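Hi,

Here is the structure I promised to pass on. Have a look at it first, and then read my notes below.

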Amino acid sequence: MQQMRKVFVLFKVFFIFIFIAILDSSPIIGSENLSTPSFISEWGSKGSALGKFIRPIGITVDRFDKIYVTDPENQRIQKFHSDGTFIKTWGKNGKKKGQLNRPMHLCVGHNDKLYVAEYSNDRIQVFDLEGNSLSVFGTKGDGSTELHAPGGVAIDKTGRVFVADFYNHRVQRFTKEYKDLPPIGKKGRFFSGRFDYPTDVVISRDQFLYVADAYNNRIQKFTLEGKFLKKWGGVFGSGLSGKRQGSFSIATAVEVDHYNRVYVVDFGNHRIQVFDDEGHFLLSFGSEGDGPLQFKYPNDITIDSHGYIYVLDSGNHRIQKFSPLPVVTSRRRK
């Protein structure tokens with residue numbers, strides 16, 4: 001009798017795995033006829049000279065379509081025109097104002113200020129668009145105003161600051177005066193609102209928060225007050241790593257375009273996946289390599305005011321620029 005129970009349990013487990021595999025192979029499709037963006041240009045190569053990078057981490061764009069890139073191994077930020085023409089650079093290793101220590105993901109706020117997450121200085125540093133340091137906030141720790149290796153930063157339309165607080169497994173929130181607000185989330189796997197080393201955050205035009213829950217291999221969506229709304233990646237957003245459409249191998253960065261389409265940097269799968277704002281799969285592009293439309297461990301993505309897409313191809317020490325995605329009406333499977 002005991003042996004029969006064991007066989008029955010094993011039988012159930014087997015069919016559960018089969019069921020999961022079927023689900024994972026059939027992502028919900030949100031749109032048809034969305035073509036792969038066309039490769040336009042690339043710039044950068046490995047090195048420390050101006051316009052070169054060593055495994056760059058973060059990329060963002062301002063309202064003038066100027067591009068900003070964090071180059072952490074060179075301890076600097078570089079600024080470019082949208083065609084890749086170099087403009088300027090700033091930063092050197094250190095803890096003082098204006099200095100940097102492993103700058104990560106970054107963003108430009110509605111106030112034309114550049115916010116940079118500094119992983120090894122456990123702080124956010126704020127610059128104007130010419131590279132002048134304006135302020136810093138955050139110290140190392142797990143308290144209400146503290147950070148531990150922040151990975152990414154986003155600003156809402158009122159000026160509140162949201163930080164992917166990597167080792168604290170949460171999203172830390174600050175007022176526009178950089179005073180603390182209640183954080184979102186805590187360490188955990190599988191369950192909604194739990195994080196496992198979040199690396200990036202972004203706020204959409206309609207003011208929802210998306211979190212790259214990197215080592216849970218998923219994206220989570222919240223209101224700006226922290227109410228959980230949606231998760232996806234793997235099976236039911238469980239965080240199981242995978243290679244199929246809708247699954248991730250380290251979701252390292254997230255971006256949202258003007259039509260609220262969500263772009264996810266799928267680091268270990270060397271690709272970008274695009275979803276609608278409910279997590280329905282739209283498109284995947286990229287494969288491993290060093291040619292056009294190929295990536296080697298991409299780390300970030302940004303989209304300019306005209307919809308052009310810039311992918312930070314970190315392992316190839318370069319930026320690739322692609323054409324905008326067309327505007328289509330989403331059609332969801334019931």
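Let's start with Arg 123, which counts as buried because its relative accessibility is 7% (buried means under 20% relative accessible area, exposed over 50%, partly exposed in between, using a 1.4 Å probe and protein chains only). Its partner is Glu 118: the two side chains meet in a salt bridge, 2.7 Å from N to O. Glu 118 is buried too, since its relative accessibility is 0%. By salt bridge I mean a side-chain nitrogen of Lys or Arg within 4 Å of a carboxyl oxygen of Asp or Glu. Side chains of opposite charge can pair when their charged atoms come close.

Before you go on, keep in mind that this is a predicted model, where local features need pLDDT of at least 70 and side-chain atom pairs count only at pLDDT 80 or more, while totals for chains, interfaces and linings use all residues. Residues are numbered from 1 along each chain as its sequence is written, and side-chain values use heavy atoms, with hydrogens and water left out.

Back to the salt bridges: how many are there by this rule? The count comes to 19. Another one joins Lys 230 and Glu 278, with the closest N and O atoms 3.4 Å apart. This pair links distant parts of the chain, 48 residues apart: Lys 230 sits in strand S21 (residues 228-232), and Glu 278 in the loop between S24 and S25. (Strands are DSSP runs of E, at least two residues, and helices are runs of H or I, at least four, numbered from the N terminus.) Lys 230 is partly exposed, at 28% relative accessibility, and Glu 278 is partly exposed at 29%.

Asp 313 and Arg 318 form a salt bridge as well, at 2.6 Å from N to O, and both residues are buried. There is also a network: Asp 156, Arg 160, Arg 173 and Glu 225 are joined by salt bridges that share partners.

Now for the nonpolar cores, meaning sets of buried Ala, Val, Leu, Ile, Met, Phe, Trp, Tyr and Cys residues joined through side-chain atoms within 4.5 Å. The largest has 16 residues, and Tyr 263, Ile 272, Phe 285, Ile 309 and Val 311 touch the most other members. Strand S25 (281-285) is one of the elements that give two or more residues to this core, and S25 gives the most, with three. Apart from this core lies another, of 14 residues, including Cys 107 and Phe 137.

Enjoy exploring!
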